[in-house]
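Have the model open as you read.

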Amino acid sequence: MKTTFFLANFLIISLCIMVGLSFSKLARPTIPAIAYHFGTKGRYEEVNSHLLDDILFVNKSLGAPPSPDCRAIHMVSVIRHGTRYPTTKNVKKIARLFDLVVSHASGSASWLNDIKTWKMWYTEDMDGRLVEKGRDDHRHLAMRLAQSFPSLISEDHLRADRIEFITSSKHRCVDSVEAFQEGLHRLWDVQDMDYKHYVDDSLMRFFDHCERFVESVEKNKTALKEVERFKSSAEMDAVRRKISNRLQIPYSQFTPDMAEAAFFLCSYEFAIKSENSPWCDLLDESDAQVLEYKNDLKQYWKRGYGHDINRKSSCPLFHDIFKRLDKAANDYRFGEVKKTASIQVGHGETLLPLLSLMSFFKDEKPLTAENFSLQHNRTFRSSQIVPYAANLVFVLYECSDGLRIQLFLNEKLITFPNMNHSAPLYETVRKHYSKLLNGCEFNKECNVPQSNLRNTEL
């Protein structure tokens, strides 16, 4: 009897151990190990990890006035849209990768079976539309900013139209600004207000209106030559070989675009559905670093320091920001508070040129196809600068010694280039950017003489 009892217990314990081992093997971490490298397709939470514990957490000390005698009088915010679906172009790349893997990949690994049984659910008509997570990105950001700066964003200000909302015409931006307003309404439990916003592509999509940028960069086959060269580099070649070997697919069939599609698919599944997809198993840390660099190269040469016109195309937005701050300062001086905040929603392509124009994240050496190994510590890293819902916030203060200004990127206080003070005098900042404020004329920078126009369409 005792023998039977002990044998039964032994079998139960053994079974539990086996099941436990099985579960531990199948268990997936919530966050992919490579999530830090997702670039412009990364979640906002990877930049602010404390939000994983409390999405509405606000560090009051970070948003505190420069000194007790200072009072916030105006805010200008430039915000990227929230998490979105892939564009039609990337959906097509993902579909080609999936078809190749299903028809040619072989092996007995469990993750490969998970990939093969994965359902292709992305459709071309999604085309970059905002997802529910993207709406939450903006709802929650609105609530945090309102709590950080209650004297600028309040229910009374909203009712009095002292908060102005401006957006790009793209559906993902319009939906984001409406979600931002929803967040404020939820915070104050407001039910009876109509949404108001203004579409202004000359500000939020200035790159489309800059003829010189469109002709010399957007349509120019050679403008992104560093990106093309890196696609055929030894580093990218190693990534392709590793992934094709894991899938047992001939290397010749696994193109650089396929490797990038796998990377994007991992990032989309995580950002949109919070899933650590089996597609993430195709890539390790070194693969992700290479693919992140490839995408940073693209941003650098198309939106950042690669070509001077990239930065100069943002002159209209740069001037508009300072006009708003100037007007707020002037209104306050005469006791006429008209607007307390401007919320402007655009794209990663809106923020990167502006930040580059203002000389943020400028590395000593340019990013090129050859210097991947030298750029591991680069400051121009889109993962940290422009994840979904990235935001650049200017806050103007009236202090006893004059007007001062603070700048926040993704809710973190940053200092202006070549300035030591975290809240310099506003006039000091204006002097620092005097050449841009007195020049950087859109027509002069962006108009192309008719004789120089040529067909450079890809």
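What follows covers the domains first, then the pocket and the cavity, then the salt bridges.

This is a predicted model, so bear in mind that local features need pLDDT of at least 70 and side-chain atom pairs count only at pLDDT 80 or more, while totals for chains, interfaces and linings use all residues. Residues are numbered from 1 along each chain as its sequence is written, and side-chain values use heavy atoms, with hydrogens and water left out.

**Two domains**

The domain assignment gives domain 1 (45-85 + 134-210 + 312-370 + 378-449) and domain 2 (86-127 + 224-306); such bounds come from an automatic or database assignment. Their C-alpha centres sit 33 Å apart. Where they touch, 27 residues of domain 1 are in contact with 22 residues of domain 2 (contact means heavy atoms within 4.5 Å). About 2200 Å² is buried between the two, with carbon and sulfur atoms giving 56% of that area. Buried area here is the accessible area, taken with a 1.4 Å probe, that two parts lose on being put together, summed over both. On the domain 1 side, Y85, L367 and A369 lose the most area to domain 2, together 30% of what that side buries.

**Pocket and cavity**

On a 1 Å grid over the protein atoms alone, a cavity is a set of points where a 1.4 Å probe fits but cannot get out, and a pocket is an open set with protein on both sides within 12 Å along at least five of seven lines; lining residues have an atom within 4 Å of a point. Volumes are the space filled by probe spheres set on the points, which are joined across faces, edges and corners.

| Space | Volume | Lining by class |
|---|---|---|
| Largest pocket | about 1300 Å³ | 7 nonpolar, 10 polar, 21 charged |
| Largest cavity | about 40 Å³ | 4 nonpolar, 4 polar, 2 charged |

In these classes, Ala, Val, Leu, Ile, Met, Phe, Trp, Tyr, Cys and Pro are nonpolar, Asp, Glu, Lys and Arg are charged, and the others, Gly among them, are polar.

Where does the largest pocket lie? Both domains give residues to its lining, so it lies between domain 1 and domain 2. Helix α13 gives the most to that lining, with 5 residues (helices are DSSP runs of H or I, at least four residues, and strands are runs of E, at least two, numbered from the N terminus).

The cavity count comes to 1 of 30 Å³ or more. Residues lining the largest cavity include Y36, R43, E46 and P387.

**Salt bridges**

A salt bridge is a side-chain nitrogen of Lys or Arg within 4 Å of a carboxyl oxygen of Asp or Glu. The whole structure has 39 of them, and 4 cross the interface of domain 1 and domain 2. R378 and E292 form a salt bridge at 3.9 Å, N to O. E164 and R324 pair up at 2.8 Å, N to O. E164 lies in strand β2 (residues 163-167) and R324 in helix α15 (residues 315-333), so this pair ties together parts that are 160 residues apart in sequence.
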